[in-house]
Amino acid sequence: MEYSDLVKDFAVRTQSNLNTLQNLQEAHPEIAVFEVTQLVNSLLGLLIFPREKYMERIPRTSLQELEKAGWNIPVTSEGYKKPKDLRHLVCLMRNAVAHCNLEFIAKASSDIEGIKLWNTTMRSPRDRTWEGEISLSELRCFVEKFVAMFRDLDLGNTPT
């Protein structure tokens, strides 16, 4: 099928792929399914695609409003400023994912339970400007809310 609206269609198809993978894992536990890999691949597309043409359409909804609406927000590490709003958070997460500034957080059993994301300065990749952590279940919820947001946004007539 062709994409009639790249970002919306990609977001909806990403959600469908995540759901299909989860259903496959539940129905066939003997099959090696890498849901964390798919979740990170989903982030790559969901956070990178909109940046180029649609970032200005992402609402500046406060983190408090997002949390009231059921969004899961990465917990900003001590010593760093929290994002101002959804658009700022997406920008921070986008830069972290795009520059491979992420680390998987594993339990003692070596199962991945979350992800740490961070941003750095261009001059010194060791100098972090933001850092946050989110569990896999919270990240999955974030992705679902993000996809729903894109479905609801009017992305038509977006300047290129």
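Select helices H1 and H5: H1 passes H5 in a left-handed crossing. Left-handed means that the near helix is turned anticlockwise from the far one by less than a right angle; clockwise would be right-handed. This is a predicted model, in which local features need pLDDT of at least 70, side-chain atom pairs count only at pLDDT 80 or more, and totals for chains, interfaces and linings use all residues. Residues are numbered from 1 along each chain as its sequence is written, and side-chain values use heavy atoms, with hydrogens and water left out.

H1 covers residues 6–27, and its axis comes within 9 Å of the axis of H5. The two cross at roughly 145°. Axes are lines fitted to C-alpha atoms, for helices over the stretch in contact, and angles run from 0 to 180 degrees between N-to-C directions. Helices (H or I, at least four residues) and strands (E, at least two) are DSSP runs, numbered from the N terminus.

Now show side chains. On H1, the contact includes Val7, Ala11, Leu18 and Gln22. On H5, look for Arg140, Val143, Glu144, Val147, Phe150 and Arg151. Contact means heavy atoms within 4.5 Å.

**Stop two: a pair inside H5**

Select Arg140 and Glu144. They form a salt bridge, with the closest N and O atoms 3.2 Å apart. A salt bridge is a side-chain nitrogen of Lys or Arg within 4 Å of a carboxyl oxygen of Asp or Glu. Both residues lie in H5 (residues 136–152), four residues apart, about one turn of the helix. An α-helix has 3.6 residues a turn, so residues three or four places apart point the same way.

Arg140 is buried at 15% relative accessibility, while Glu144 is partly exposed at 34%. Buried means under 20% relative accessible area, exposed over 50%, and partly exposed in between (1.4 Å probe, protein chains only).

How many salt bridges does a search of the whole structure find? It finds five. One of them joins Glu133 and Lys116, with the closest N and O atoms 3.9 Å apart. Glu133 lies in strand S4 (residues 128–135) and Lys116 in strand S3 (residues 112–120), so the pair ties together parts 17 residues apart in sequence. Glu133 is partly exposed at 33%, but Lys116 is buried at 17%.

Next, select Glu131 and Arg128. Their side chains meet in a salt bridge at 2.6 Å, N to O. Glu131 is buried at 11%; Arg128 is partly exposed at 31%.

**Stop four: helix H4**

Select residues 86–98. H4 has 13 residues and reaches 18 Å from its first C-alpha to its last. That is close to the 18 Å expected at 1.5 Å a residue (1.5 Å times one less than the number of residues). Its buried residues include Leu86, Leu89, Val90 and Met93.

At the start of H4, a side-chain oxygen of Asp85 reaches to within 3.2 Å of the backbone nitrogen of Arg87. Just after H4, Cys100 takes a positive phi of about 55°.

Select Ser62, in the loop between helix H2 (35–53) and helix H3 (63–68). Is Ser62 buried or exposed? It counts as buried, at 17%. Not counting residues up to four places away in sequence, Ser62 touches Lys84 and Asp85.

Finish at Ile48 in H2. Ile48 is partly exposed at 21%. With that sequence limit of four places, Ile48 touches Leu43, Arg94 and Ala98.

Definitions and conventions: A polar contact is a pair of N or O atoms within 3.5 Å; within protein, one must be able to donate a hydrogen and the other to accept it, and residues adjacent in sequence count only if both atoms are side-chain atoms.
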